[in-house]
Amino acid sequence: MTLIQDKLKEVFGYDSFRGQQESIINSILEGNDTMVLMPTGGGKSICYQIPALVSDGLTIVISPLIALMKDQVESLRQYGVQAAFLNSTLTVKEFKSTKDQVINGEVKILYISPERLFYDQESFVRFLQTLKISLFAIDEAHCISHWGHDFRPEYTRLKRLKKHFPDTPVIALTATADERTSQDIQDSFKIKAENVFIDSFDRKNLYYEIQEKRDSTYKLIEFLRKREKESGVIYVISRKKTEELAETLQLNGFDALPYHAGLERETRDQNQNLFLRDECKIIVATIAFGMGIDKSNVRFVVHMNLPKNIESYYQETGRAGRDGLPSECLLFYSRGDVALQRSFIDSGADENQNEIMREKLEELVRFCESLNCRRKNLLAYFNETLEHNCGNCDNCNKEIRTFDGTEIAQKALSAVYRLKEGFGLNYVIDFLRGSKSKKIRPEHLLLKTYGAGQDLSKEQWNTFLNELIDQDLLKLKKGKFPTLSLTPKSVAVLKGMHAVQLSEIEQNEHIQQKVLEYDEKLYEMIRVWRKERADKLNIPAFNILSDKTLVELSYYLPLSKSDLLQINGLGHVKVETYGEEIISIINNFAQSQGVDSKMHSIGPKRTKSKSIKSTLNTSVLETNKLWQNGNSIDEIAEMRNFSPRTIESHLATLVELGEINILELVLEDRIQTIENTFEELGVDALRPVKDKLGDDFSYAELKYVKSNLVRNEKENFN
Ligand code: ADP
Ligand code: ZN
């Protein structure tokens, strides 16, 4: 292990660096000015925190987000890092005392606002020059650029840092991918191209979904009902709407509060705080809410209205799932909202700018209406290519089914014929559905096809008519009032001489997969304890332990301090501070429920040679029993009211634990093929392996084989 890997494990409790973190850190340690473009949640902080910890002297972090500094500093202190901040919220006395700590070398990482840095004719800069500064980290570095969406004039003064501190490296970090902005940042600090690190903007843990905006409040409530314990942000278009929707949600029993720039400062801060502290689950906000949000366990972001463009959509949805756990992004889309956004744009004074904005809006419209993989489209927009469909978006979750639509087509064509080709799409649909509206002309009520299509919904008719247009069986005549007419191909269909295939899209429901089938009761017990602890310190609970750490704790049930050190997110200091309390909660739980630790299955990389005899988690045990009795996966799923996928993951666990022989689940020659592919592509991500193997192999089979490999590896290890 290298020194920096050691620090990562010892202080933060992480096993390995993510993405390019290690190269970035090495670049800084070699003294290079370095730039990092990484999406939200990518792990930017580690990139300057590790160098800060392994270098002599003080690291200065410059950030515009004053409101967050206290939490950030407290979060670092939880890891035992000597951190402090200086900004305008401190009293004179507090300021002096922090400054003294800095002088005495009691601070390793100092957060400071740019205003503070340059305050009073740069007297603070001169003060810093008397100290040993190992690194300047410039967070939210896009604020330096006019092109960025959040330009801050005081940031431009940072360009002078290199003059004052020619020998101190600078690391500029941002989550904004825009090319001009990144060029600006590079130029400002003369960062060499080879020291620019651009991470993938793929947020793998986010599920993207776009639904038609019809009955959206109702659909939203349905969505929220399935996520009652979870926390999320709902974006709406106006201040008024935030309050109205928050109220509607409250009336429906949800824990929702509004947030917008027009609220009294006190209310606004309070609502934000309640949200951060997990005392309010849902914030209904205008897009003003965001920059200040550093809550790691936001499980969903819903857009009730269309965002401005793809960048905004990406930024806003990006606030979900910073802790890496699966999270969802849902957008309600309508053409009406497109028109609304367009009218906002048109009211702008600068016509050049308006034109750019209109183009960007069009790109967003294409994105929303596309049937391709959302993630592929999204990344393509940021010039990134995704080789395969992601399997984790609504479009990847759609099934397109074709069927004999001759009868439907005949009804549609005959309606158009009987209406003498004089009416538009909506009229034809109303006519087919036998609408009682006054819009339908009296003479049409007597026609044979009136009401012949009652069995289909408006949306279905709309889709089918459009498909008939695509198949050149109907034509939409352009004009002020576009009308539907027949084509030369229509006759054969009407006469029953030509069959028509139509297609129907079926949206499979997205089932939130748990990363681990952890025990919810135990999770809840640790969560309650965490909340108490956090409240005492007046910090957000996820700053004590992240949700991800909670998931691991309540899955693996660690029972000693050395066990705890193997859990993601627990470094030495946290284990010293909280270890005994956590162990006692888990111990009590394990004894009262009669379950044992599962530390032995934590994976070869983390396992220590000492193996612990264990029994299984009760839920998995139940599945095991049913399986041994000869039930199929679907049967077990049905009996236990779980999804088949959950049962499959139980089976995978059972394979890993040696309770089930892999040959019961996968044929021998298939195991070989899958193993070969794992060998070639690694076992970390299943998707590439699945893509390579094709539709003939299921994810479940891959999981079983992977579990079996883990098992074999562990056996060799012990
Ligand atoms: P960003 O600032 O890029 O939005 P953060 O620095 O807040 O992201 O990191 C996001 C989350 O990922 C945090 O919970 C952090 O602790 C975690 N994290 C960062 N690096 C690693 C790593 N190498 N292994 C595991 N977790 C990590
Ligand atoms: Zn997809």
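I take a polar contact to be a pair of N or O atoms within 3.5 Å; within protein, one must be able to donate a hydrogen and the other to accept it, and residues adjacent in sequence count only if both atoms are side-chain atoms. This is a predicted model, in which local features need pLDDT of at least 70 and side-chain atom pairs count only at pLDDT 80 or more, while totals for chains, interfaces and linings use all residues. Residues are numbered from 1 along each chain as its sequence is written, chains are lettered from A and ligands numbered from 1 in the order in which they are written, and side-chain values use heavy atoms, with hydrogens and water left out.

Entry on ligand 1.
I looked up its polar contacts. An N or O atom in the side chain of lysine 44 lies 2.8 Å from an oxygen atom of ligand 1. For glycine 41, a polar backbone atom is 2.6 Å from an oxygen atom of the ligand. A nitrogen atom of ligand 1 is 3.0 Å from a polar side-chain atom of glutamine 21. On its own, ligand 1 has 570 Å² of accessible area (Shrake-Rupley method, 1.4 Å probe), and the protein covers 83% of this.

Entry on helix H5.

Which residues in H5 are buried? I found Phe95, Thr98 and Val102 (buried is under 20% relative accessible area, exposed over 50%, with a 1.4 Å probe and protein chains only). They cover an arc of only 70° around the axis, so they are on the same side of H5 (the arc is that of the directions from the helix axis to the C-beta atoms). Val92 and Lys93, on the other side of H5, are exposed.

Technical notes: Helix = DSSP H or I, 4+ residues; strand = E, 2+ residues; numbered from the N terminus.
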